[in-house]
Amino acid sequence: MNSSITMNAYAKINLSLEVLRRRPDGYHDILSFMQDLGLHDVVTMGLTEDSLGICMQKFPSNNCFIRGVRVKFCMNYSAISLGPDNLAYRGVEAVLKALPEGGTRPEELYLFVDKKLPVAAGIAGGSGNAAGCMLATNALCGNPFSLRELMELGASVGADVPFSLMMNARKNREVFSDLPGIEEASVAAEIEGIGEIVRPTEPKPYGVILMNPGIGVSTREVYEALDAQTGRSVEEKLFFNRMEEYTLKKYPEAKALKDAMEANLRADRVLMSGSGPTMVAYYNSMAQAESDYRMAKDAPWIRDNWKIWYTESGEMYDGR
């Protein structure tokens with residue numbers, strides 16, 4: 001059994017997102033096609049403080065006990081709570097609480113999240129952190145849970161966590177090669193329910209330019225606005241996002257960003273991811289995507305508070 005694990009916790013994008021209805025439990029049923037992004041945070045977890053190096057002393061940390069396990073958790077981003085409302089914390093908690101009696105249970109866990117992704121951006125950075133922490137906790141406990149069992153646990157942590165688990169297991173397959181059921185993992189899936197129904201499917205490769213206007217968007221607020229709408233038809237096509245219309249209307253900075261991308265980039269499509277405000281420009285040609293990214297980085301139409309990244313989505317691979 002490993003004594004420490006370091007992995008990339010990847011974000012995701014929605015190539016489609018339809019919100020069907022609000023359920024009696026307050027959650028929403030959706031239809032979505034989700035896929036990996038090459039952008040990521042980094043999660044490091046170990047059984048001893050030494051395994052994480054100086055970062056445990058350099059950044060603020062939270063000490064807590066979860067089912068008898070002492071967990072020391074720190075991040076390099078002070079604006080995010082280190083308590084139970086943090087998805088990474090909740091991911092560790094979900095695995096430790098589900099461990100069978102008499103199974104392998106560490107006395108201590110040390111966790112550091114190196115935050116690189118924007119927060120509240122519609123690309124599930126927090127869910128990726130939760131997925132990474134669940135995969136690492138499970139591995140450090142001897143892999144008592146299969147991938148699908150972790151995904152079932154993940155549904156209680158957050159709606160995007162089940163897919164994030166499947167996608168991050170695939171993209172970190174060398175780290176988690178002993179995980180039962182990892183052969184099913186995929187970087188792309190069709191999603192239903194509140195996110196707990198995950199059907200692996202073939203990825204759709206694109207070069208992508210992501211841009212963020214430097215603001216956050218409340219997913220709860222967007223869902224509440226959609227709940228007030230009536231009589232809309234269901235869309236099940238790619239490159240449709242039900243949340244986009246409200247976010248662009250409510251947040252002028254998000255609309256200005258999408259308009260600028262459509263006017264100045266040669267992308268095949270531009271679509272908001274999740275509840276936004278991150279906008280994604282999709283390219284069938286990787287070379288054209290890279291060329292546009294080089295041009296856009298210093299272009300006069302880029303506002304000072306806009307952030308831009310180039311990466312790829314839809315990792316292609318042979319076999320499962």
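**View 1. The β6–β7 hairpin of the predicted model.** Strands β6 and β7 form a hairpin, with four residues between them. G193 sits in the turn and has a positive phi of about 70°. β6 covers residues 188–192. The two strands pair in the antiparallel sense, over four bridges.

**View 2. Helix α4 and its buried side.** Helix α4 covers residues 147–154. Its buried residues are L147, L150, M151, L153 and G154. They span an arc of only 160° around the axis, which puts them on the same side of α4.

**View 3. The nonpolar cores.** The largest nonpolar core has 83 residues. Which residues have the most contacts inside it? They are L96, M134, L150, M211 and W301. Helix α3 (residues 125–140) supplies the largest share of this core, eight residues. A second core is separate and has 17 residues. Among them are A11, A121, A188 and Y282.

**View 4. An open sheet of four strands.** The strand order is β10-β11-β8-β12, and the pairing is antiparallel. Which strands lie at the edges? They are β10 (269–272) and β12, each pairing on one side only. Neighbouring strands are turned by 25° against each other on average, direction ignored. Inside the sheet, β8 and β11 run antiparallel and are joined by five bridges. G207 has Y283 in β11 as its bridge partner. Helix α8 (residues 252–264) packs on this sheet. α8 touches β8, β10 and β11, and its direction makes about 15° with that of β11.

**View 5. Helix α9 across the sheet strands.** α9 lies across β8, β11 and β12. The helix runs at about 170° to β12. Which residues of α9 (residues 286–296) are buried? They are A289, D292 and A296. These residues cover an arc of only 65° around the axis, so they lie on the same side of α9. They pack against β8 (206–212), β11 (279–283) and β12 (307–313). The face turned away from this buried side carries the exposed residues A287 and R294.

**View 6. The R22–D227 salt bridge.** The side chains of R22 and D227 meet in a salt bridge, at 3.6 Å from N to O. R22 lies in strand β1 (residues 4–22) and D227 in helix α6 (residues 219–227), so the pair ties together parts that are 205 residues apart in sequence. Is D227 buried, exposed or partly exposed? Its relative accessibility is 32%, so D227 counts as partly exposed.

**View 7. The K72–E49 salt bridge.** K72 and E49 form a salt bridge, and their closest N and O atoms are 3.2 Å apart. This pair also links distant parts of the chain, 23 residues apart. K72 belongs to strand β4 (residues 69–75). E49 sits in the loop between β2 (28–46) and α1 (55–58). How do the two ends compare in burial? K72 has a relative accessible area of 11%, so this lysine is buried. E49 is partly exposed, at 25% relative accessibility.

**View 8. Further salt bridges.** The count of salt bridges in the model comes to 22. One of them joins K116 to D114, with the closest N and O atoms 3.4 Å apart. K116 has a relative accessible area of 48% and is partly exposed. Elsewhere, which residues are linked in a network of salt bridges? The network consists of R21, R23, D25 and D29.

Note on methods. Residues are numbered from 1 along each chain as its sequence is written. This is a predicted model: local features need pLDDT of at least 70, side-chain atom pairs count only at pLDDT 80 or more; totals for chains, interfaces and linings use all residues. Side-chain values use heavy atoms; hydrogens and water are left out. Buried means under 20% relative accessible area, exposed over 50%, partly exposed in between (1.4 Å probe, protein chains only). The arc is that of the directions from the helix axis to the C-beta atoms. Contact means heavy atoms within 4.5 Å. A salt bridge is a side-chain nitrogen of Lys or Arg within 4 Å of a carboxyl oxygen of Asp or Glu. Two strands pair if DSSP finds at least two bridges between them. Axes are lines fitted to C-alpha atoms, for helices over the stretch in contact, and angles run from 0 to 180 degrees between N-to-C directions. A nonpolar core is a set of buried Ala, Val, Leu, Ile, Met, Phe, Trp, Tyr and Cys residues joined through side-chain atoms within 4.5 Å.
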